[in-house]
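The tour moves from one selection to the next.

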Amino acid sequence: MTVDSFDVVFYTAVFLLPGFIICSIVDQVNPPQRYNEAKYFLKYLLYSIINCAVWCWVYRIIIDCDCLSTLWHWILLVLVSLVGSSIIGFVIAIIKQKQFIDRLLFKLKIKTIHSTPTAWDYFFSKQESSYVIVTLVDGTKLYGYYSLNSFTSSDPDERDMYIEKLYDEEWNTDNEDAGAYIAKEQIKYIEFRKGENKNV
């Protein structure tokens, strides 16, 4: 197909751009799954169709309005696409994060596969503060506090972590401590402790 009109290119971009924006927002809030390029394209296309279905009435008003110049016509279409897709992206991201659909299906006794790809992603995506005991492959135990200033990689090939505060075995702290980086190949397993009493 030969594209001989700027309008065709523009309307195509306005239609496809929301899918990319929605997918990006959802992946920022939730642990992303790995897809091949074909599945990613279908995902973008699906989100674009949803966006178009939700905001078609606004698009229709702008397109049918004869009082707008061509420039304002394009600007408003782009703004609706950007703002509208951002709203939908955050709504979908929150629904996925809070697992509303999963909970509904569970109440209906319908078994589903969890959307989060790994247990690592499931726990650390919740961003909950916790005392941790990290056992290394050589048997060494690191006692620390994992919170907002800590970090774990969301890349499935790089499961390293940074713990913002370390303790000794008696859970005493050093005021000069600046945390610790732990490479993925050094981690054997991680224990999580809640509350002020780390020994419980």
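Which residues does Ile22 touch, not counting residues up to four places away in sequence? Select Ile22: the residues in contact (heavy atoms within 4.5 Å) are Tyr47, Asn51, Ser85, Ile88, Gly89 and Ile92. This is a predicted model, in which local features need pLDDT of at least 70 and side-chain atom pairs count only at pLDDT 80 or more, while totals for chains, interfaces and linings use all residues. Residues are numbered from 1 along each chain as its sequence is written, and side-chain values use heavy atoms, with hydrogens and water left out.

Next, select the largest nonpolar core, which has 15 residues. A nonpolar core is a set of buried Ala, Val, Leu, Ile, Met, Phe, Trp, Tyr and Cys residues joined through side-chain atoms within 4.5 Å; buried means under 20% relative accessible area, with a 1.4 Å probe and protein chains only. Ile22, Val26, Tyr47, Trp55, Tyr59, Val80 and Ile92 touch the most other members. Helices α1, α2 (37-64) and α3 (70-98) each supply at least two residues of this core; helices are DSSP runs of H or I with at least four residues, numbered from the N terminus. A second, separate core of 12 residues includes Trp120, Phe123, Met161 and Ile163.

Now move to Ser48, in helix α2. Is Ser48 buried or exposed? Ser48 counts as buried because its relative accessibility is 1%. Its side chain reaches the backbone oxygen of Leu16 at 3.3 Å. Leaving aside neighbours within four places in sequence, Ser48 is also in contact with Phe15, Pro18 and Gly19, among others.

Terms used. Buried means under 20% relative accessible area, exposed over 50%, partly exposed in between (1.4 Å probe, protein chains only). A polar contact is a pair of N or O atoms within 3.5 Å; within protein, one must be able to donate a hydrogen and the other to accept it, and residues adjacent in sequence count only if both atoms are side-chain atoms.
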